[in-house]
Amino acid sequence: MEKIVEVQGVKKTYGKKNEEQTHALKGISFEVEKGEFVGIMGASGSGKSTLLNILSTIDKPTAGKILISKQDVTRLKGNKLADFRGKEIGFIFQDFNLLENLTAFENIAVPLSLQGKSGKEIRQKVQVVAERLSITQILSKYPAEISGGQKQRVAAARALITQPTILLGDEPTGALDSESARDLLDMMEELNQKDQVSILLVTHDPFSASYCNRILFIKDGVIHQELHRENQAREDFYRQILQILGNLEQ
Ligand SMILES: Nc1ncnc2c1ncn2[C@@H]1O[C@H](COP(=O)(O)OP(=O)(O)OP(=O)(O)O)[C@@H](O)[C@H]1O
Ligand SMILES: [Mg+2]
């Protein structure tokens, strides 16, 4: 098995030494293999977004190491970091993060434009990913002119256009109605199974989590429990997740 992500003893403390500090992550270690679909669950404030921001290289850990495709991302800086992030990592956030003054096409093209790809290559790649996500009809529209579900597909297309090694999602279905949420999850599942894209999904929603192969439950900045789907049907895994969430609250 090929390890895509290796998280080793990651800690994150917010606040300076002489101020009030928050120990958001207190020593987290885990690995993600190629083609795994891993969920991260835990109560509000347990450190999920902190972990994802560190994985996505938006933020740096206070201690510990993160290897993505064997590269220590905590040591990358400047252009090398931007390059690595652009090529290896795709993100989908809850609030889409689309640029309002760019069309859907232009939004999807941003990562390739940043890499200095030719107009021809960009048009070809946008077309392929747009067909995959059924958004070819809205490519010339601006974010204000499309629905929430369509915005999230555009955001997903932008995350996937570079064919990243790992796709990171922080509550990507959080702002969607249940039908659009299911569409996005089905699409992520297909990408995971057909193209072997590794996925890390932060969610509080047991239904979304039931799509994962494995779930890490974070509590008070550490991994409190780990759950494997094995060959369970999604419905059975869903019930198991609900049960664990019930126990965690006690
Ligand atoms: N920039 C920051 N500065 C200071 N403290 C922060 C910062 N970001 C997060 N925290 C604190 O770190 C802890 C973990 O926050 P985090 O956002 O990772 O939680 P979460 O699990 O994503 O929660 P939610 O489910 O509400 O999104 C919380 O106590 C939070 O208040
Ligand atoms: Mg969060």
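Reader: Okay, which residue in β2 is the bridge partner of K11?
Author: That's K26. Keep in mind that we're looking at a predicted model.

Reader: Noted. And who does Y14 pair with in β2?
Author: Y14 has T22 as its bridge partner there.

Reader: How many bridges hold β1 and β2 together, and in which sense do they pair?
Author: There are 9 bridges, and the pairing is antiparallel. β1 covers residues 3-14, while β2 covers 22-33.

Reader: What about β1 and β4, how many bridges there?
Author: 5 bridges join them, and they run antiparallel too. β4 is residues 63-68. One pair you can look up is Q8, whose bridge partner in β4 is K65.

Reader: So what's the strand order in the sheet?
Author: It goes β2-β1-β4-β5, an open sheet of 4 strands with antiparallel pairing.

Reader: Which ones are the edge strands?
Author: β2 and β5, the latter being 71-72. Each of those pairs on one side only.

Reader: Switching to the ligand. Which residues are around ligand 1?
Author: The shell is Y14, T22, A24, A43, S44, G45, S46, G47, K48, S49 and T50.

Reader: Which element gives the most to it?
Author: α1, with 3 residues. That helix is 48-55, and both α1 and β2 supply at least two residues of the shell.

Reader: Where's the polar side-chain atom of T50 relative to the ligand?
Author: It lies 2.6 Å from an oxygen atom of ligand 1.

Reader: And what distances do you have for the backbone of G47 and S46?
Author: For G47, a backbone N or O atom is 3.0 Å from a ligand oxygen. For S46, a polar backbone atom sits 3.3 Å from an oxygen of ligand 1.

Reader: How much of ligand 1 does the protein cover?
Author: The protein covers 55% of the 640 Å² of accessible area that ligand 1 has on its own.

Reader: Which elements line the largest pocket?
Author: α2 (78-88), β6 (89-93), α3 (104-114) and α5 (148-160) each give at least two residues. α2 has the largest share, 5 residues.

Reader: How many of the lining residues are nonpolar, polar and charged?
Author: In the largest pocket it's 10 nonpolar, 5 polar and 4 charged.

Reader: And the second largest pocket, what's the volume there?
Author: About 380 Å³. Of its 18 lining residues, the closest to the centre are R132, L160, Q163, L191 and D195.

Reader: Which helix gives the most to that lining?
Author: α4, with 5 residues. α4 is 119-132, and both α4 and α6 (178-195) supply at least two residues of the lining.

Reader: Last one: what's the class breakdown for the second largest pocket?
Author: Its lining has 9 nonpolar, 5 polar and 4 charged residues.

Note on methods
Residues are numbered from 1 along each chain as its sequence is written. Chains are lettered from A and ligands numbered from 1 in the order in which they are written. This is a predicted model: local features need pLDDT of at least 70, side-chain atom pairs count only at pLDDT 80 or more; totals for chains, interfaces and linings use all residues. Side-chain values use heavy atoms; hydrogens and water are left out. A residue is near a molecule or strand if one of its heavy atoms lies within 4 Å of it. A polar contact is a pair of N or O atoms within 3.5 Å; within protein, one must be able to donate a hydrogen and the other to accept it, and residues adjacent in sequence count only if both atoms are side-chain atoms. Accessible areas come from the Shrake-Rupley method with a 1.4 Å probe; for residues, only the protein chains shown count as cover. Ala, Val, Leu, Ile, Met, Phe, Trp, Tyr, Cys and Pro count as nonpolar, Asp, Glu, Lys and Arg as charged, and the others, Gly among them, as polar. On a 1 Å grid over the protein atoms alone, a cavity is a set of points where a 1.4 Å probe fits but cannot get out, and a pocket is an open set with protein on both sides within 12 Å along at least five of seven lines; lining residues have an atom within 4 Å of a point. Grid points are joined across faces, edges and corners, and a volume is the space filled by probe spheres set on the points. Two strands pair if DSSP finds at least two bridges between them.
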